[in-house]
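Dear colleague,

I am passing on the structure we spoke about, followed by notes on what turned up in it. Please read the notes with the coordinates open beside you.

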Amino acid sequence: MDPNLKFYVLLVLVGLVDVSFAETDFGNCERAVRNWASSSLDKEIRQDKHTLRDLLFFLHVPRTGGRTYFHCFLRKLYPNSLECPRSYDKLHFDPRTLKCRLLATHDDYSLTSKFPKERTSVVTILRDPVDRVFSTYEFSIEVAARFLVHPNLTSAIDMVARLRGKTKGASTLDIWPWKYLVPWMREDLFARRDVRYGRGQQITESNDSYDMEDFAMPLHEYINHPVAEEIVHNGATFQVAGLTNNSYHPESHEVRHCVQKHKSLGKYVLGVAKKRLDDMLYIGLTEEHRESATMFANVVGAQVISQIKAPNSSLNNADNIEQSSFSDSEPDNNEHQMTVEKLTEAYESCIHNLRKAQAQRRISSLKKISPVSFSKEARLQIPEVVLQRIQYLNDLDLELYEYARDLFSKQHKTMQTLNQERWDKIASSVYGLTLWTILPLAITLAFLLFLFLVIVNVRRRTLKVKL
């Protein structure tokens with residue numbers, strides 16, 4: 001046989017094998033994803049999904065503003081004694097003997113499988129996916145830059161190891177997803193600094209903080225890296241679906257990789273994520289900050305306050321109730337006084353201080369890689385091709401976010417309707433009370449006026465007779 005013909009036949013056979021393998025791989029993936037989706041969907045419709053249950057699980061999607069909710073809302077509502085030990089990589093308490101009432105972590109939805117479903121309420125906050133990628137990139141570099149005070153990477157790693165043995169609390173390096181993203185960026189920052197020092201500080205000039213390769217990994221390189229694909233892109237969808245690389249379900253890794261490999265399978269994951277948003281007690285939006293905060297105070301805060309005031313409530317009887325952030329206010333008659341209005345006022349004050357501290361820390365960190373400086377204004381310089389790439393890589397998150405916006409709008413309208421009904425009842429009660437209060441008074445005054453006129457008339461007639 002002609003050698004050229006043999007080569008052509010071989011290429012055809014290899015192509016057929018590849019096609020067959022691809023079809024088999026897709027078929028296996030489709031079965032795995034569909035089976036997972038079918039087992040994950042809760043067929044029951046919760047009629048009381050807007051009622052706060054025994055345990056509140058705050059599913060904290062990274063870079064959505066959840067830290068402000070935790071510190072400025074939840075810690076003002078729940079005493080320390082009722083906060084569950086946060087899980088990070090594993091549970092630090094036995095969920096079968098659940099006595100705590102608040103769990104706030106970056107864990108994904110799979111964590112709820114450890115708790116009684118009928119006793120657990122879930123809340124979360126979502127953010128515009130493109131902005132969330134920006135913020136994740138910025139925060140990864142910001143935290144990694146703090147280690148540049150060390151002469152080299154080895155020194156920085158040794159210091160972290162020493163501190164871990166001495167401190168009780170968890171650091172950023174212990175928390176998903178930063179335990180992956182920060183070391184990655186830390187290694188990259190040290191490598192780029194070594195290159196700069198090696199060539200005598202000669203740098204390539206750039207006015208784009210998201211593309212200063214002499215100082216930090218450019219954004220376009222970051223978003224196309226396998227680490228970002230595994231952890232960052234479509235991260236909100238995978239977290240709500242319970243499919244992150246930090247999931248408690250062993251099949252989650254196969255399902256996630258199948259969806260990353262075959263985009264058409266993403267619809268099954270979206271279906272599960274949307275259903276879980278439907279069943280949540282509350283969904284906030286980073287971009288709708290004020291409305292989200294108001295809704296949280298009225299939907300979640302009001303119910304926690306009601307539980308606190310309820311007789312024999314575990315919230316009310318907690319040993320450490322005075323440790324609540326409202327302890328700085330003087331309670332009347334030794335009772336823990338809390339209202340939605342007070343909660344909202346305290347929240348506004350808290351976020352002002354928290355944001356100020358965060359801004360100062362960011363400025364201090366980024367000085368180590370100056371002239372890099374992240375800001376909303378600097379984001380405007382990011383090329384359109386990079387924005388489109390981020391949108392392509394986060395297609396599931398974009399669709400889930402739009403779905404969340406629709407749910408948020410419905411929640412907002414429902415809250416407005418309930419508030420209007422509440423005010424109508426108050427107005428009706430006040431009107432009825434006023435009517436029944438004024439009517440007897442008016443009758444009394446009319447009677448007294450009538451008596452006065454009668455007496456005056458009688459006296460006039462008496463005077464006329466005398467004359």
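Across the whole structure, a search finds 18 salt bridges, a salt bridge being a side-chain nitrogen of Lys or Arg within 4 Å of a carboxyl oxygen of Asp or Glu. Please bear in mind that this is a predicted model, in which local features need pLDDT of at least 70 and side-chain atom pairs count only at pLDDT 80 or more, while totals for chains, interfaces and linings use all residues. Residues are numbered from 1 along each chain as its sequence is written, and side-chain values use heavy atoms, with hydrogens and water left out.

One of these bridges joins Arg 192 to Asp 188, with N and O 2.7 Å apart; both residues belong to helix H5, 4 residues or about one turn from each other (helices, H or I with at least four residues, and strands, E with at least two, are DSSP runs numbered from the N terminus). Arg 192 counts as buried because its relative accessibility is 13%, where buried means under 20% relative accessible area, exposed over 50% and partly exposed in between, with a 1.4 Å probe and protein chains only. Asp 188 is buried as well. Beyond its neighbours within four places in sequence, Arg 192 is in contact with residues including Glu 213, Phe 215 and Glu 221, contact meaning heavy atoms within 4.5 Å.

Two other bridges have N to O distances of 3.7 Å: Glu 288 with Arg 405, and Glu 348 with Arg 290. Glu 288 sits in the loop between E4 and H11 and Arg 405 in helix H15, so this pair ties together parts 117 residues apart in sequence. Glu 348 in helix H12 and Arg 290 in helix H11 are 58 residues apart; Glu 348 is partly exposed at 31%, whereas Arg 290 is exposed at 54%.

Helix H2 (residues 66–77) is mostly covered, with 9 of its 12 residues buried, and what covers these includes strands E1 and E3 and helices H11 and H12.

Tyr 69, one of the buried residues of H2, is also among the members that touch the most others in the largest nonpolar core, of 72 residues; such a core is a set of buried Ala, Val, Leu, Ile, Met, Phe, Trp, Tyr and Cys residues joined through side-chain atoms within 4.5 Å. H11 supplies the largest share of this core, 8 residues. A second, separate core has 43 residues, including Leu 148 and Met 217.

With best wishes
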